[in-house]
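Take a look at the model below.

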Amino acid sequence: MTITLRPALPFDIAALWALRTVAVRVSCATHYAPEQIAAWRASPVPPAYAAMLAAGGGVVAMQDEAIAGYAMLNVDKHEVDAVFVDPARAGLGIGRQLLMALEQLARQRGMARLRLSASLNAVPFYQAAGFVALRAEAYAHPSGISLASVAMEKELTPA
């Protein structure tokens with residue numbers, strides 16, 4: 001099984017959002033109520049996605065011809081916006097590869113640290129990657145719901 005990474009492009013957005021919706025349904029259901037998952041899944045693609053891609057902040061993991069996962073860096077906010085892996089491919093190190101690619105992008109842009117708001121199910125993943133929990137918070141999701149999350153950050157070592 002070979003995973004290759006490539007930049008995310010505007011034509012990928014629909015496929016990325018579909019993968020994200022499946023990942024939310026499967027991976028987040030253990031930590032959030034069904035009505036939260038339903039609202040989260042139903043939300044449309046945020047307008048910021050196109051801007052993040054235009055700024056070079058998206059990375060796609062490909063396995064053969066299929067999108068296995070993706071990650072988004074908000075260059076303006078120095079923030080990991082998203083890391084999602086196809087639940088059928090979980091546990092293969094794809095998320096770790098994507099996060100490392102985002103960290104490299106951040107370093108190339110002179111960022112000294114990255115921040116993120118982790119869903120509760122993702123906190124152990126980010127901790128294993130060196131992110132430190134700062135505080136519990138309520139993430140105001142664009143769909144209008146509030147999601148329990150954890151604000152985290154990581155100091156980036158120079159390249």
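What follows concerns a serine and its surroundings, then the salt bridges.

The model is predicted. Begin at Ser149, in strand S7, which spans residues 146-155. Is this residue buried or exposed? Ser149 has a relative accessible area of 4%. The cut-off for buried is under 20%, so Ser149 counts as buried.

Now look across to Ser117. Along the chain, Ser117 and Ser149 are 32 residues apart, yet their C-alpha atoms are separated by 6.2 Å. Their side chains are joined by a polar contact of 3.0 Å. Beyond four places in sequence, Ser149 also touches other residues, among them Ala118, Leu120 and Tyr139. Arg135 and Glu137 are on that contact list too. Those two residues pair with each other: their side chains form a salt bridge at 3.9 Å, N to O. Glu137 is partly exposed, at 25% relative accessibility.

How many salt bridges does a search of the whole structure find? The search gives seven. Side chains of opposite charge can pair when their charged atoms come close.

Strand S7 supplies a partner as well. Glu153 forms a salt bridge with Arg113, at 3.6 Å from N to O. Glu153 lies in strand S7 and Arg113 in strand S5 (residues 113-119), so this pair ties together parts 40 residues apart in sequence. Arg113 is partly exposed, with a relative accessible area of 31%. Elsewhere, shared partners link Glu103, Arg107 and Lys154 into one salt-bridge network.

Finish at Asp12 and Arg6. Their closest N and O atoms are 2.8 Å apart in a salt bridge. Asp12 is buried at 3% relative accessible area, whereas Arg6 is partly exposed at 24%.

How values were computed. Residues are numbered from 1 along each chain as its sequence is written. This is a predicted model: local features need pLDDT of at least 70, side-chain atom pairs count only at pLDDT 80 or more; totals for chains, interfaces and linings use all residues. Side-chain values use heavy atoms; hydrogens and water are left out. Helices (H or I, at least four residues) and strands (E, at least two) are DSSP runs, numbered from the N terminus. Buried means under 20% relative accessible area, exposed over 50%, partly exposed in between (1.4 Å probe, protein chains only). Contact means heavy atoms within 4.5 Å. A polar contact is a pair of N or O atoms within 3.5 Å; within protein, one must be able to donate a hydrogen and the other to accept it, and residues adjacent in sequence count only if both atoms are side-chain atoms. A salt bridge is a side-chain nitrogen of Lys or Arg within 4 Å of a carboxyl oxygen of Asp or Glu.
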